[in-house]
Amino acid sequence: EPEVIEEEEVIISLINGTIKASKKEEVKKHTKKEIFTTTLNSLLCITSSGKIYATPVSKLKYNKEYRANEVFDIGSEKVLLITDTLAFTSYLSLTCITKNNYIKKSSTSDCLSKTKKGTPVIKLEAGDNLIAAILSSNDDDAIVIIGSNNYYNCYPLSEIGYTGKMTKGVKAIKLSEGEYVKDAHLVGDEEYKLTNRAVKGVKLNG
């Protein structure tokens, strides 16, 4: 017999590296580090290994604090993003950036996972790892890529074509041998100067 799951509204709190599920009516004070979901959805986690993991929300006991590796089969991998299936599929794209200077963009619908053991969202070279996993609803959103040399590139996501989840992407910024990408995130219009992709870019102030 298939398991019958009653739909309940749940709030997932992400505090100090822990994950806690609570019934919506029991949470009196809300914070920015919360996921509003239901027991019919799954919790998703993307890690430095370039994989996305999934665990049904219904499997979490209420008011119990879990570490990420207790909820997902991730071992010592670094957690980059935790969300749920409802929020994840509301976005247009997932952009992955690696330490070894690759960037790729995929449709979120192509990256959705249902397995606790994880499925790849990017093809990583040996010795490479994911440093950022970014969700966006607009290809006009600008992303900044910062190298270990303290130069950056800043360009809209439209500069990157959509590819399947098992591709490694294209070069994110122009780097010399021994240099690597140390940070990447979405930015506002006035924060950084716009550049082309895969150029040396602009020196960070300070």
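Which residues point one way from S12, and which point the other way?

Guide: Ala-142, Val-144 and Ile-146 point one way from S12. Ile-143, Ile-145 and Gly-147 point the other way.

First, some ground rules. This is a predicted model, where local features need pLDDT of at least 70 and side-chain atom pairs count only at pLDDT 80 or more, while totals for chains, interfaces and linings use all residues. Residues are numbered from 1 along each chain as its sequence is written, and side-chain values use heavy atoms, with hydrogens and water left out.

Now back to S12. Strands are DSSP runs of E with at least two residues, helices are runs of H or I with at least four, and both are numbered from the N terminus. S12 covers residues 142-147. Six of its six residues are buried, so S12 is largely enclosed by the rest of the structure. Buried means under 20% relative accessible area; exposed means over 50%, and partly exposed lies in between (1.4 Å probe, protein chains only). Across the protein, 42% of the 206 residues count as buried.

Who are the neighbours of S12? Four strands form an open sheet in the order S15-S12-S13-S16, with antiparallel pairing. Two strands pair if DSSP finds at least two bridges between them. The edges are S15 (181-187) and S16 (202-203), and each pairs on one side only.

Take the S13 side. S13 spans residues 151-156 and runs antiparallel to S12, joined by five bridges. Val-144 has Cys-154 as its bridge partner in S13. Ile-146 stands opposite Tyr-152.

Now the S15 side. S12 and S15 pair over six bridges, again in the antiparallel sense. Here Ala-142 stands opposite Val-187.

There is another four-strand open sheet to look at. Its order is S7-S4-S5-S10, and its pairing is antiparallel. S7 (79-84) and S10 (119-120) stand at its edges with a single partner strand each, so one side of each has no neighbour in the sheet. S4 (residues 42-47) pairs with S7 over five bridges. In that pair, Cys-45 stands opposite Ile-82.

Thr-108 sits in helix H3 (residues 108-111). Thr-108 counts as buried because its relative accessibility is 3%. Leaving out residues up to four places away in sequence, Thr-108 touches Phe-88, Thr-89, Tyr-91, Leu-92, Ser-93, Leu-94 and Leu-135. Contact means heavy atoms within 4.5 Å.

Last, step back. The protein has three helices and 16 strands. Its C-alpha atoms fill a box of roughly 55 × 35 × 30 Å, taken along the principal axes. Among contacts between residues at least 6 apart in sequence, 72% join residues at least 24 apart.
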